[in-house]
Number of protein chains: 2
Amino acid sequence: MTPRSPRRPPQAPAKIADVARLAEVSVATVSRALANPEVVSEETRRRVLEAVRTTGYTPNIAARNLRARTSKMVLVVVPDIANSFFSEVLRGVEERLSAAGYGLIIANLGNSTEKEARYVDLAFARQVDGVLLLCGHVIGSQSRNLKHANLPLVSICERIPGESFPQVEIDNRAAARQAVEHLLARGHRRIAYLSGPRQNILDVERAAGYREALAGQALAPRADWLLEGDFSFSAGSRAAARVMAMPEGERPTALFAANDEMAIGFLKAVQEAGVRVPGDLAVVGFDGIAYADFCQPTLTTVVQPRREMGARAAEFLCAMMAGERDLPRLVQLEAHLALRASSASQGALMSGAGSGSSRPVRG
Amino acid sequence: MTPRSPRRPPQAPAKIADVARLAEVSVATVSRALANPEVVSEETRRRVLEAVRTTGYTPNIAARNLRARTSKMVLVVVPDIANSFFSEVLRGVEERLSAAGYGLIIANLGNSTEKEARYVDLAFARQVDGVLLLCGHVIGSQSRNLKHANLPLVSICERIPGESFPQVEIDNRAAARQAVEHLLARGHRRIAYLSGPRQNILDVERAAGYREALAGQALAPRADWLLEGDFSFSAGSRAAARVMAMPEGERPTALFAANDEMAIGFLKAVQEAGVRVPGDLAVVGFDGIAYADFCQPTLTTVVQPRREMGARAAEFLCAMMAGERDLPRLVQLEAHLALRASSASQGALMSGAGSGSSRPVRG
DNA sequence: ATGAAAGCGCTAACAT
DNA sequence: ATGTTAGCGCTTTCAT
């Protein structure tokens with residue numbers, strides 16, 4: 001009978017049968033020698049390993065996965081792989097998963113619902129053993145949602161309300177409150193807030209922290225100091241233009257931005273307009289991206305333990321994939337406020353005395 | 001006979017046989033209805049799709065891969081996933097591959113040879129259909145090298161000399177020459193070079209471009225103006241300290257850095273020491289990272305088309321995986337010099353007149 | 001300690 | 001147009 005399968009390339013990789021033939025044992029023995037070496041005799045093991053070496057054999061993982069009903073792969077869903085915030089989280093994720101023997105499949109959403117549906121299919125097809133969501137929602141397609149895939153799921157960075165799987169984040173509200181309290185402690189009473197997209201949960205929390213801090217001093221937020229942004233650098237520049245357009249006496253003396261990129265855009269634009277930072281206007285950001293320590297002046301910011309968050313979430317996922325139950329629903333890691341030049345009191349922290357390094361400070 | 005395979009979970013996903021049973025057709029017909037809809041009758045197709053919907057069937061990809069001897073996955077090897085240069089390239093890669101139906105498996109090397117070996121195994125195991133190298137070398141383990149895996153391979157960003165697979169990069173030497181020629185055209189004759197790691201091919205090429213440009217004006221590089229760095233921000237600060245330590249009359253009037261991070265570190269440190277940029281010292285970087293347009297002053301730099309490079313390399317890889325032969329060995333994309341404030345002639349380009357946007361200029 | 005053989009779920013060659 | 005069936009390469013149960 002003619003072959004019923006695709007023709008094999010001339011240089012086909014060795015399979016377990018090739019090794020078995022060469023070692024003059026059965027395929028089962030080869031499999032055992034590789035998976036449970038202690039169960040075969042010394043001599044057999046030697047012969048098998050020798051044969052593996054000469055054939056250059058590597059197990060076919062598709063076959064193993066098919067048989068074992070597992071893939072040793074994790075789907076990691078990010079909104080934008082090029083965003084440096086996520087990529088640092090990814091580093092932690094990668095380290096942890098790879099240490100546990102899992103590979104990462106990266107799903108870069110990039111605003112494409114079509115892509116999202118494809119990855120949902122991937123998950124339902126059990127091509128991954130678990131899913132890590134950095135995107136603030138459970139992905140789904142028209143016909144179905146990942147939460148019904150009965151697959152280990154962990155969310156990270158952006159909390160998804162009302163879900164029962166583990167989630168890892170920082171306490172955004174408390175961290176924001178702390179940042180604004182720092183400005184209050186510096187004597188500021190006229191503090192503006194530069195927001196992210198209004199419906200975004202991160203912004204909701206950070207805005208709440210801002211209001212809480214003000215309320216602690218019996219201050220009410222002024223509507224014209226609530227600037228709407230979108231987490232982008234240029235939103236920072238636009239906010240700066242709006243502030244500069246205010247009559248001098250109506251301007252805030254400090255600004256808390258919902259993320260560092262906007263804070264840096266703001267910083268740059270107001271200084272170009274002749275405002276001194278922190279002298280005329282203090283600025284505090286959020287996230288703790290690397291550039292917050294490079295910009296001029298260096299930016300006071302809430303540093304999120306991004307890598308650790310990634311590692312922690314990956315750890316939970318590994319536990320779930322290993323069959324563990326009863327994991328915590330919510331884990332909030334500690335963020336810290338790095339005090340830098342952009343919010344220093346007059347005269348202090350001038351010219352990078354600390355050579356640009358940040359000083360963690362709590363409370 | 002008792003089952004010889006792992007017990008199935010109660011909620012096992014539907015398989016093709018379940019669909020076939022429900023639709024009252026054979027498994028082959030289901031397979032066909034899904035893969036080649038035009039080959040089955042209208043009525044059958046309807047029934048199959050209906051059954052697919054009610055069972056929630058998704059093909060098991062491990063089984064398909066095993067049968068088809070393909071994985072629809074590509075291994076992407078990066079030195080550091082958190083490096084923003086790579087992550088922007090990755091975006092282009094992801095877009096292209098995902099459009100072609102391929103998933104990405106990210107190998108984050110992070111200086112671990114043990115990890116490298118694991119990914120080599122992955123490739124030899126044919127768990128991926130192709131490999132994209134962003135790491136400047138063909139990965140390998142003690143026992144074997146990926147180049148003998150007989151797998152489609154494309155390298156990008158850092159050229160690997162002497163290999164025959166397609167490589168995508170920019171002409172680093174020409175781009176560096178152009179950057180230095182720009183400084184020469186601005187009247188600078190005392191131009192320093194801040195290098196990357198000396199053995200790195202990117203640095204070798206960029207250093208050569210620097211020397212060529214000087215030679216074009218019959219200038220010889222001065223040894224004390226050749227500053228050794230390592231592509232890091234702090235290498236930039238250190239270089240600044242060395243320049244500031246030079247007697248005023250011995251200092252360069254311009255510096256070309258082998259990458260933007262160092263240029264920005266340098267920029268910041270010399271300004272803190274009281275040097276005006278570009279007034280006292282002009283600076284040009286390399287890469288075109290986003291922050292080069294945010295820093296103070298904005299940084300003139302060679303902009304690499306990172307996303308496009310990623311897309312192009314991915315395209316070649318797709319072609320190879322589709323069986324195409326005779327692809328070009330080397331493709332060099334156009335880089336352009338973005339003229340910004342850090343190298344502006346005195347008085348020009350003051351205060352972000354162009355609102356921070358870059359102006360591409362060739363030649 | 002080792003071997004024989006049954007599948008994992010799917011595709012495609014062959015038969016009808 | 002549809003059905004039957006032989007594998008893809010591996011792990012594991014059962015038998016020896």
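Helices and strands are runs assigned by DSSP, a helix having at least four residues and a strand at least two, and they are numbered from the N terminus. The model shown in these views is a predicted one.

**Figure 1. V74(B) is a buried residue in strand 1 of chain B**. Strand 1 of chain B covers residues 73-78, and V74(B) belongs to this strand. V74(B) counts as buried because 26 C-beta neighbours lie inside 10 Å, where the cut-off for a buried residue is 20 or more. When residues up to four places away in sequence are left out, V74(B) touches L97(B), Y102(B), L104(B) and I105(B), and also V128(B), D129(B), G130(B), V131(B), L132(B) and L317(B). A314(B) lies 240 residues away from V74(B) along the chain, yet the C-alpha atoms of the two are separated by 9.4 Å.

**Figure 2. Chain A as a whole, with its helices and strands**. Chain A holds 11 helices and 13 strands. Its radius of gyration is 27 Å, well over the 21 Å that the globule rule gives for 363 residues, and chain A is therefore more spread out than a compact globule. Along the principal axes, the C-alpha trace of chain A spans about 90 × 50 × 40 Å. Of the 363 residues in chain A, 50% are buried. Among contacts in chain A with a separation of 6 or more, 71% are made by residues 24 or more positions apart.

**Figure 3. The contact between chain A and chain B**. Chain A brings 47 residues to this contact, and chain B brings 46 residues. On the side of chain B that touches chain A, at least two residues each come from helix 4 (61-68), helix 5 (84-99), strand 2 (103-108), helix 6 (113-124) and helix 10 (260-272) of chain B. Helix 5 of chain B gives the largest share of that side, with 7 residues. Sorted by class, the side of chain B that touches chain A consists of 20 nonpolar, 16 polar and 10 charged residues.

**Figure 4. The surroundings of DNA strand D**. DNA strand D is surrounded by 29 residues, of which I16(A), A28(A), N60(A), A63(A) and A28(B) are the closest. Helix 2 (27-35) and helix 4 (61-68) of chain A each supply at least two residues of the surface near DNA strand D, and so do helix 2 (27-35) and helix 4 of chain B.

**Figure 5. The crossing of helix 2 and helix 3 in chain A**. Two packed helices are described by the angle between their axes and by the distance between those axes. In chain A, the axes of helix 2 and helix 3 (residues 42-55) come within 10 Å and cross at roughly 95°. Helix 2 of chain A is therefore roughly perpendicular to helix 3 of chain A. T29(A), V30(A) and A33(A) of helix 2 meet T44(A), R45(A) and V48(A) of helix 3, and the residues of this contact divide into 3 nonpolar, 2 polar and 1 charged.

**Figure 6. Positive phi at C157(B) and D287(B)**. Although C157(B) is not a glycine, it has a positive phi of about 80°, and it is found in the loop between strand 4 (153-156) and strand 5 (167-170) of chain B. C157(B) counts as buried, since 24 C-beta neighbours lie inside 10 Å. D287(B), which is not a glycine either, has a positive phi of about 130° and lies in strand 9 of chain B. With 25 other C-beta atoms within 10 Å, D287(B) is buried.

**Figure 7. A149(B) in a loop of chain B**. The loop that holds A149(B) runs between strand 3 (130-133) and strand 4 of chain B. A149(B) is buried, with 23 other C-beta atoms within 10 Å. Apart from neighbours within four places in sequence, A149(B) is in contact with A123(B) and F124(B). V331(B) is 182 residues from A149(B) in sequence, and the two are 23 Å apart in space, C-alpha to C-alpha.

Conventions: Residues are numbered from 1 along each chain as its sequence is written. Chains are lettered from A and ligands numbered from 1 in the order in which they are written. This is a predicted model: local features need pLDDT of at least 70, side-chain atom pairs count only at pLDDT 80 or more; totals for chains, interfaces and linings use all residues. The radius of gyration is taken over C-alpha atoms; the globule rule is 2.2 Å times the number of residues to the power 0.38. A residue is buried if 20 or more other C-beta atoms lie within 10 Å of its own, exposed if 12 or fewer, and partly exposed in between; C-beta atoms are placed from the backbone. Two residues are in contact if their C-beta atoms, placed from the backbone, lie within 7 Å. Ala, Val, Leu, Ile, Met, Phe, Trp, Tyr, Cys and Pro count as nonpolar, Asp, Glu, Lys and Arg as charged, and the others, Gly among them, as polar. A residue is near a molecule or strand if its C-beta atom, placed from the backbone, lies within 6 Å of it. Axes are lines fitted to C-alpha atoms, for helices over the stretch in contact, and angles run from 0 to 180 degrees between N-to-C directions. Angles under 35 degrees count as roughly parallel, over 145 as roughly antiparallel, 65 to 115 as roughly perpendicular and the rest as oblique.
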